[in-house]
Amino acid sequence: MRLLIAQMKHETNTFSPVPTPLARFAHGGSRPYEGDEIREAFTGTGTAIGAFLDLAEKAGASVVLPVAGNAAPSGPVARDAYEYLTGRIVDAAAKGCDAILLDLHGAMVPEGLDDGEGELLRRIRVVAPQVPIGVALDMHTNLFPAMAEHATVLAGYQTYPHVDMFETGQRAARPILAMLEGRARPAMAFGHRPMLPHVMRQSSLDSPNREIQARARQMEASGTLAATFFVGFPHADIPFAGASAVVVTDGEAARARRECDELLDIAWRDRAAFVYAIEPLEKSIERAARIDARPVVLLDHYDNCASGGTMDTMTVLGAMLDAGLEDAAAFAIFDPQAVKQMQAAGAGANVTLELGGRLDMPALGLKGKPRTVSGMVKRLVDGRYRNEGPMAKGERGDMGPSALLDTGRIEIAVISRHVEPYDMGSFRALGMDPAKKRYLMLKSRVHWRAGLGPLAKAVVECAGTGVCTSDYSQLHFRRVRRPVFPLDAER
Ligand SMILES: [Zn+2]
């Protein structure tokens, strides 16, 4: 048995000014992993591609590994990067294989295209019309019909924070392997509801997504091969942004349809609970100052790099400095230029520099606003680490050259590659101990709960500035299908 295994992951925020060239998929090298590099990077990791490699080995299959690229979320993918990634996969598929297993995101928007994954699958079908294709997807998939029409099996994460990437790889691959052995005939149904669940209300630790995902798991426990409800990624101005579902059964098309509709109906019924209420920043900071517990997480959810944020807006960190909050840590400000200045000054040096605010945000009509910060360069590191888990356990992390700037009140992590704070590994790489701080500012929305949730004694959500703004009125949607809840009043 010959299996083609590949990864092509990017969540595209069409409002983000952060560019997405091929280098962003390249793990610090000049091109994404291929061949044995993939085996070396992902074997034994808690990722979907890690599960594919594991299942292939157990099945005694030979594997073809054309490419594995996973870029941090940002603006539309450069067209040459998209052509490179898809070209490697399609060329390998053209050479022939028994099945194809893909670790995709589901919300990739290349330049000039709305649906990166659907177009990849369409191109594969041109050279491999009959080969079974199993696809693992992120819960933030914006499902275009082409994805479901060209794939044999789609399975998405059932957790947010995403701590079931490995299991999702298994759910996508097992029906395909069973099919090859003549033990299954996957039948798939998919559908949508016209709603944009708010990211701050999407966690599977909270209602209503907790119950929807539990129902999907229950369906699988009763014999359905894969049941998925996608919350969707709303910061993408494309027709199929938003909620969708896909259910795969063993030959029971009517059951797949019925269960898919059931998941969508629950989400639509509970749509009001997917709407997020925003607290003004001054109130949040005042409230945080009164909380008698440690650490208090101050969540800068408008500027989460894992939703395409520039990770360099200074609004929330600035408010903390202005309020005189102390015994605090902040993770992180993306500012390669500031890191270079601190490297030049050296560890232990006192510096005054312009921090953050390097990137303008034209989609929001905003200019980047740096802030002058003084402090001591406490530590300089290369920024490499391995994830400790539970999310993407064992996967390599790379913040690029990084510095810890200590203002005396706040320890600020300054990094050169976008990394969302969801794993203790990134803190340890900088010698930070977040559990010991009174305040912990995180540029994140939900994933921080994977690695840091257990240590937080209180959480204050802070409305700052950024292209993953929680205030939809700041975003100019032109292309998303309308009407869509909650942008449009209901009829
Ligand atoms: Zn996601």
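Two residues are in contact here if their C-beta atoms, placed from the backbone, lie within 7 Å. The model is predicted, so local features need pLDDT of at least 70 and side-chain atom pairs count only at pLDDT 80 or more, while totals for chains, interfaces and linings use all residues. Residues are numbered from 1 along each chain as its sequence is written.

**The whole protein**

- The protein has 13 helices and 19 strands; helices (H or I, at least four residues) and strands (E, at least two) are DSSP runs, numbered from the N terminus.
- Its radius of gyration, taken over C-alpha atoms, is 22 Å, close to the 23 Å that the globule rule gives for 491 residues, so the protein is as compact as a globular protein of that length. The globule rule is 2.2 Å times the number of residues to the power 0.38.
- The C-alpha trace spans about 65 × 55 × 40 Å along the principal axes of the protein.
- Of the 491 residues, 55% are buried. A residue is buried if 20 or more other C-beta atoms lie within 10 Å of its own, exposed if 12 or fewer, and partly exposed in between, with C-beta atoms placed from the backbone.
- Among contacts with a separation of 6 or more, 77% join residues 24 or more positions apart.

**Helices H2 and H6**

- The axes of H2 (residues 48–58) and H6 (residues 165–180) come within 7 Å and cross at roughly 45°. Axes are lines fitted to C-alpha atoms, for helices over the stretch in contact, and angles run from 0 to 180 degrees between N-to-C directions.
- That angle makes H2 oblique to H6: under 35 degrees counts as roughly parallel, over 145 as roughly antiparallel, 65 to 115 as roughly perpendicular and the rest as oblique.
- The crossing of H2 and H6 is right-handed; a crossing is right-handed if the near helix is turned clockwise from the far one by less than a right angle, and left-handed if anticlockwise.
- Residues of H2 including Ala48, Phe52 and Leu55 meet residues of H6, among them Met165, Phe166 and Leu177.
- This contact of H2 with H6 has 10 nonpolar, 4 polar and no charged residues. Ala, Val, Leu, Ile, Met, Phe, Trp, Tyr, Cys and Pro count as nonpolar, Asp, Glu, Lys and Arg as charged, and the others, Gly among them, as polar.
- H2 is largely enclosed by the rest of the structure, because 8 of its 11 residues are buried; Ile49 and Leu53 are among them.

**Helices H9 and H10**

- H9 (residues 281–290) and H10 (residues 315–323) pack at an angle of about 50°, with their axes 11 Å apart. H9 is therefore oblique to H10.
- Leu281, Ile285 and Ala289 in H9 meet Val316, Ala319, Met320 and Ala323 in H10, a contact with 7 nonpolar, no polar and no charged residues.

**Backbone details to look for**

- Most residues other than glycine have a negative phi, and most peptide bonds are trans.
- Tyrosine 160 and proline 161 are joined by a cis peptide bond, with omega about 10°; proline 161 sits in the loop between strand S6 (153–156) and H6.
- Aspartate 327 is not a glycine, yet has a positive phi of about 60°. Aspartate 327 is partly exposed, with 13 other C-beta atoms within 10 Å.
- Alanine 392 also has a positive phi, of about 45°, but alanine 392 is buried, with 24 other C-beta atoms within 10 Å.
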